[in-house]
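Colleague: I would like to learn how to read a domain interface. Please take me through one.

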Amino acid sequence: MKGMHGIIFSYEKRTELGTLTDQRIYGSVPYGGDYRVVDFMLSNMVNAGITDVGVIMHGKCQSMLDHLGTGKHWDLSRKYGGLKLLPAFAYQENRESGGQFRGKLEALGCVMDYLHHIRQDYVVLADSDIVTNIPLKDVLESHIASGADMTCVCTSRPGRPADTYFTLDITGRIVEVAYDVNTPAGYQSLNIFIMSRELLLGMVQNAMAQNNYGWRRHILQDKCGTLNMRGYVWDSFAARIDTVQDYYNRSMDLLRPDIRAELFNPQRPVYAKENDAASTYIDPAVECVNSLISDGCDIQGSVRNSIIFRGVKVEKGACVENCILFKDTVVKAGATVRNVIADKNVVFSENTSMMGHEHYPVVVAKNSVI
Amino acid sequence: MKKECIAMLLAGGQGSRLYVLTGDMAKPAVPFGGKFRIIDFPLSNCANSGIDTVGVLTQYRPLELNQYVGNGQPWELDRRHGGVHILPPYQSATGAVWYKGTANAIYQNIGFVDLYDPDYVAILSGDHIYKMDYDRMLRLHKEKGAACTISVMEVPWEEASRFGIMAVDGEDNIVEFAEKPKEPKSNLASMGIYIFSWKKLREYLIADEANENSDNDFGKNIIPTMLNDGEKMVAYRFEGYWKDVGTLDSLWDANMDMLTPDSGLNLLDDSWPIRGRNEVCPPTYVGEKADIGNSAVARGCTLLGEVKNSVLSTGTSVGEGATVTYSVVMPGAVIEDGAQVHYAIVGENCRIGANAVVGAPPEQAEDPEQWGIAVLGPRTCVAAGEKVAPKTMLDKHHGEEAAR
């Protein structure tokens, strides 16, 4: 069958997101007022015409399972194909890992049966933790046209050192794969890979036989010389977030119109879980400026430079500045909140004040009452 | 498989009193309250009341409505058995006729109702804004052993002569029905929401169809005939917000009611959620110089100017220096920099050019008698700098102004 199959990895990373990832894996962290991080990659796949998507899950996946459900919000609740959730139980029986997630290659080995049933000729592998709006259809077309064995999406925008970097020759072929080097050079990997189903199956089978588990080490680095791997350079907005400060900065980026235009392209909409919240109400007596505001909110206090998720209540006399308030946060009358990231259902009581710093935002854990 | 109660939703109304606003669509498909369409209210009430089978009777410009209702998934009416069904008039062996009246529309779909063999049928209207538990009404209908239960609400006595008025006895049995009486005997107005025992209604529909003099209408024919025949007819008293949004003024009023907490219309209350088909779009961006007050704002808007006492629907934008007051702006409308919109209904995907002026506040009217809401039909373009006077209606072909 022509076309492409999608596989999304959703596992725990060693991130420094603190309490934001206490009860969820990275892909289900809320982002941008209305989304979970995974919505972006799922939407990328759906917008490229992908009908079958497998999500490999490991770790605290309850929030992710709840979010994805049957996949109907992404039109992936299908009689044939659609969304398949591939949870962690395969690891229990797996020999060496002791139930731990060691690498993506091993994770693929654990769902070998599933891989055998892929109906499409091509497969795209992607992480759930990247916020970008990329036309995967174009990437596939370029992959086919180039005759490469594998196409790896990467960016020339500056990133952090502790990551995978590709060196490309003038034809776009990857000639070197470096990881965690002091002075990164070349293109940072965005961990989106396209290859044929046959190549993927062969590589996973070989790796299992040899007890190789790491995608970067055992595929990207080991096969760099033998496989024709090419870089696809994608320099639009792409956020991979590992620290609270990153999360805060990349969220605030959304207040810039150019970034919003890159991420919210009407031709490639970002689908999120649907809800029936009514319109947001904004009171006459308040200042509400330079903010991104979802629906179902009741804004009776002032809001400035903030990202406000669905169902947030800001009472009279309250002041919210430079904040990210997740779903159903309540800022009671007279409270002042600045440079704070509030997780779901947080309540800031009357006349309290809480302040972080632009370079050190404070995170308030889910359901806290301040 | 049998259903206890199914609903038939009359959505064929031409909406001629909404003039240009209905454009190419049927009235129930007209947007309401920023995120919804009028038909979301009865459909959500059905879903919330446990009615999982709904026939939607359409005939006038049905395309947009059909597309909107789709498989019923937004109202959880996508069911293995039952669910939502669009019922246009169809051709039978003896020929094809349009729906002649509300009762005839149900008559033509007796076959559809019989598929579910229901004990009761709720007849609903597609142009009312209200939240109502039909299950409570059904319980009353069963308790009383009625043939027909009609939902009524108290209206101010001085307005009673504008409604269909039900006179009741001490136990709320309906004893008399009068359409727009000059001297009302009661202030209980019919809301146009009925529950019938299906066997009874079926008989009356067939008899009504055989009567050549009948208008085949529930209010004019079926209800009075049943009353004359001494059938048990009961009034169900409804308390809460209800508005017929069949006219431009009432549609504008009902939207404004969203902004007034004591109007009784609270869409943010999620104990009885109104569900709808959502456009996929990001949250709204409110700009650095924006001044938003007492307004309801849906998603996907970009608001850079001043917005006061208005309802802004999904995906609208208001440019820098633009002002919008006391207006209802429907999905996708664009109000460019410096434009002024006052006391207006701006239809879907309209574009109001820079520095154009649409409508005016009543206090600025030269002749208060001639003042009214300005209305732009869907996809109307107002050129930069152009003025649209109050009480004007424009449609997308422009020029075709129609005084109300």
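**Reading the domain interface**

Modeller: The C-alpha centres of domain 1 of chain A and domain 2 of chain A lie 33 Å apart. This is a predicted model, in which local features need pLDDT of at least 70 and side-chain atom pairs count only at pLDDT 80 or more, while totals for chains, interfaces and linings use all residues. Residues are numbered from 1 along each chain as its sequence is written, and side-chain values use heavy atoms, with hydrogens and water left out.

Colleague: Which residues does the domain assignment of chain A give to each domain?

Modeller: Domain bounds come from an automatic or database domain assignment. Here domain 1 is 4–263 and domain 2 is 281–364.

Colleague: How many residues of each domain are in contact?

Modeller: Contact means heavy atoms within 4.5 Å. In chain A, 19 residues of domain 1 are in contact with 23 residues of domain 2.

Colleague: What area do the two domains bury between them?

Modeller: Buried area is the accessible area (1.4 Å probe) that two parts lose on being put together, summed over both. Domains 1 and 2 of chain A bury about 1,700 Å², 65% of it on carbon and sulfur atoms. On the domain 1 side, A:Gly33, A:Tyr248 and A:Leu255 lose the most area to domain 2, together 34% of what that side buries.

Colleague: How many salt bridges does the rule find across the interface?

Modeller: A salt bridge is a side-chain nitrogen of Lys or Arg within 4 Å of a carboxyl oxygen of Asp or Glu. Between domains 1 and 2 of chain A the rule finds zero.

Key
Chains are lettered from A and ligands numbered from 1 in the order in which they are written.
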